[in-house]
Amino acid sequence: MKKRREAHHAPSRARILPAENPQRNTRGGYDFASVQVDLREPWRIGPVEVPTRVVLAPMAGVSVQAFRRQGRRFGAGLVCSEMVSCAGLHHGNERTLGYLRIASDEHPLAVQIFGSDPPVMAEAARMVEAAGADLVDINFGCPVRKVTKTGAGATLLEDPDRACRIVGAVAQAVSVPVSVKMRRGLEDGSRACLEVGPRLVQAGASTLTLHPRSARQMYTGSADHSLTAELVERVEVPVIASGDIVSRAKAQSVLAATGAAAVMVGRGAQGNPWAVREIVDGDAGDPTREEVVAELILFVRETVRELGERRATGFLKKFYGWYLGRGRFPRPLKQELVLCSTPAEVERRLLAAAPGAAELLERLEEELPHGDEVTLDLPISIYGGG
Ligand SMILES: Cc1cc2nc3c(=O)[nH]c(=O)nc-3n(C[C@H](O)[C@H](O)[C@H](O)COP(=O)(O)O)c2cc1C
């Protein structure tokens with residue numbers, strides 16, 4: 001056990017500061033609810049050094065390059081693409097290939113693939129590696145029927161032999177580490193992840209992420225991180241805990257109680273990079289209206305560059321509520337933005353609502369790396385726009 005923790009620099013008990021009265025409560029004599037884990041402590045997945053213990057979750061329809069770069073700026077140690085169809089890559093689908101566009105300031109970055117056929121997954125993994133990803137992540141967690149009915153995503157937790165063949169084929173195909181993200185199982189109360197997880201490690205997975213809800217649960221109820229703790233005990237690789245991490249207090253209690261190497265933040269970071277900063281650094285100040293508007297405009301600009309104006313216009317609508325909600329702006333502003341037909345109009349309205357944001361935005365733009373050195377040098381035609 002000790003050897004494992006040293007190998008990936010998980011938050012060893014020595015690095016956890018015991019509570020004032022360490023004899024209160026629970027495992028090992030520590031009060032896990034109040035121990036402090038250093039979230040700025042680097043850790044490793046094989047050769048990849050991850051600078052903090054916060055990972056930005058892969059989220060379909062959310063984890064565009066702008067989201068990932070922003071996550072890195074606010075302190076996420078590792079960011080992930082949304083799930084990418086291995087069949088789409090195999091067929092050279094333009095939009096799917098666009099997901100392989102990686103910026104130079106995103107690293108370390110995992111690109112996640114999904115599918116059910118080991119050779120096709122291996123081919124996709126080679127493309128992901130060639131595109132410059134630091135890790136290939138495999139999706140064994142997607143609960144959506146469109147995906148599960150093809151034998152991919154969470155269904156693979158019920159077909160461990162095939163799941164292992166996929167991981168084995170992918171690990172053989174690439175030299176970067178391979179990670180797997182999974183749910184607890186298909187049905188409520190399932191413990192499939194605890195049986196499958198160690199086998200996936202044997203097959204070649206260098207890290208496992210567990211979102212301990214069942215596929216049936218979708219996003220209801222709560223993530224049962226007692227399973228994360230059990231998984232940590234059963235495998236010799238770092239485990240990432242995903243599910244309901246929305247604050248530094250929650251992150252620290254989950255890390256301490258489970259022995260996981262890192263936490264993953266998903267919905268809590270939607271329109272709210274400040275939550276990532278709060279989790280990593282404990283900097284709990286609410287952003288000013290100017291900061292919110294500057295970040296949102298930057299996000300709009302980058303997304304337009306990545307997806308093209310037409311696609312970005314629809315894609316961005318859900319982000320307006322995420323950024324402007326939480327009591328930051330009166331509701332009508334969101335409605336106005338959703339009705340805007342161009343990103344330029346969105347920008348104008350946002351700046352009218354917080355004129356001081358212009359200067360902040362200029363500063364932000366100056367600090368960011370720009371142009372060709374940022375994006376991968378692939379012919380623009382394969383991106384399907386932008
Ligand atoms: C909109 C949305 C899209 C998601 N897409 C993916 C995905 O593409 N791949 C994946 O492994 N998980 C996906 N997830 C699951 C998240 O990565 C994460 O495990 C889950 O939301 C629990 O974490 P949270 O409570 O911090 O949101 C998605 C979640 C949401 C809300």
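Strands in this account are DSSP runs of E with at least two residues, numbered from the N terminus, and Ser-242 lies in one such run, strand S9, which covers residues 239-242. The model is a predicted one, and the protein it describes has 17 helices and ten strands. Of the 386 residues in the protein, 55% are buried, and among contacts with a separation of 6 or more, residues 24 or more positions apart account for 70%.

**Individual residues**

- Ser-242 in strand S9 has a relative accessibility of 8% and therefore counts as buried, the cut-off being under 20%.
- Once neighbours within four places in sequence are set aside, Ser-242 is in contact with Lys-181, Thr-209, Leu-210, His-211, Pro-212, Ala-223, His-225 and Met-264.
- Ala-122 belongs to helix H5, residues 118-130, and with a relative accessible area of 7% Ala-122 is likewise buried.
- The contacts of Ala-122, leaving aside neighbours within four places in sequence, are with Ala-169, Val-170 and Ala-173; between Ala-122 and Val-170, which are 48 residues apart in sequence, the C-alpha to C-alpha distance is 4.4 Å.
- Leu-339 is placed in helix H15 and, at a relative accessible area of 71%, is exposed because that value is over 50%.
- Leu-339 and Lys-317 are separated by 22 residues in sequence, and their C-alpha atoms are 8.9 Å apart in space.

**Nonpolar cores**

- In soluble globular proteins, nonpolar side chains tend to be buried together.
- The largest nonpolar core in this model comprises 114 residues, and those with the most contacts inside it are Ile-138, Phe-140, Met-182, Leu-200, Leu-208, Leu-324 and Leu-350.
- Helix H12, residues 289-307, gives the most to this core, contributing ten residues.
- Another core, of five residues, lies apart from the largest one and has Met-83, Phe-114, Cys-142 and Val-147 among its members.
- Leu-350 touches Val-293, Leu-296, Ile-297, Leu-324, Leu-333 and Leu-337 when residues up to four places away in sequence are not counted.

- Helix H2 runs over residues 65-73, and because seven of its nine residues are buried, H2 is largely enclosed by the rest of the structure.
- The buried residues of H2 are Gln-65, Ala-66, Phe-67, Arg-68, Arg-69, Gln-70 and Gly-71.
- These buried residues pack against strands S3 (54-56), S4 (79-85) and S5 (109-114), and also against helices H11 (273-281), H12 and H14 (317-324).
- Just after H2, Gly-75 adopts a positive phi of about 115°.

- Two packed helices are described by the angle between their axes and the distance between the axes.
- H14 packs with helix H15 (residues 331-339) at an angle of about 160°, their axes being 9 Å apart, and the two helices are therefore roughly antiparallel to each other, with a right-handed crossing.
- In this pair, Lys-317, Tyr-320, Gly-321 and Leu-324 of H14 meet Leu-333, Lys-334, Leu-337 and Val-338 of H15, and the residues of the contact divide into five nonpolar, one polar and two charged.
- H15 and helix H16 (residues 343-353) cross at roughly 160°, and their axes come within 9 Å, so that H15 is roughly antiparallel to H16; the crossing of H15 and H16 is right-handed.
- Here Leu-333, Glu-336 and Leu-337 in H15 meet Val-346, Arg-349, Leu-350 and Ala-353 in H16, and by class the contact has five nonpolar, no polar and two charged residues.
- H12 and H16 pack at an angle of about 175° with their axes 10 Å apart, which makes H12 roughly antiparallel to H16.
- The residues that meet are Val-293, Leu-296, Ile-297, Val-300, Arg-301 and Val-304 in H12, and Pro-343, Val-346, Glu-347, Leu-350 and Leu-351 in H16; the contact of H12 with H16 divides into nine nonpolar, no polar and two charged residues.

Conventions. Residues are numbered from 1 along each chain as its sequence is written. This is a predicted model: local features need pLDDT of at least 70, side-chain atom pairs count only at pLDDT 80 or more; totals for chains, interfaces and linings use all residues. Side-chain values use heavy atoms; hydrogens and water are left out. Helices (H or I, at least four residues) and strands (E, at least two) are DSSP runs, numbered from the N terminus. Buried means under 20% relative accessible area, exposed over 50%, partly exposed in between (1.4 Å probe, protein chains only). Contact means heavy atoms within 4.5 Å. A nonpolar core is a set of buried Ala, Val, Leu, Ile, Met, Phe, Trp, Tyr and Cys residues joined through side-chain atoms within 4.5 Å. Axes are lines fitted to C-alpha atoms, for helices over the stretch in contact, and angles run from 0 to 180 degrees between N-to-C directions. Angles under 35 degrees count as roughly parallel, over 145 as roughly antiparallel, 65 to 115 as roughly perpendicular and the rest as oblique. A crossing is left-handed if the near helix is turned anticlockwise from the far one by less than a right angle, and right-handed if clockwise. Ala, Val, Leu, Ile, Met, Phe, Trp, Tyr, Cys and Pro count as nonpolar, Asp, Glu, Lys and Arg as charged, and the others, Gly among them, as polar.
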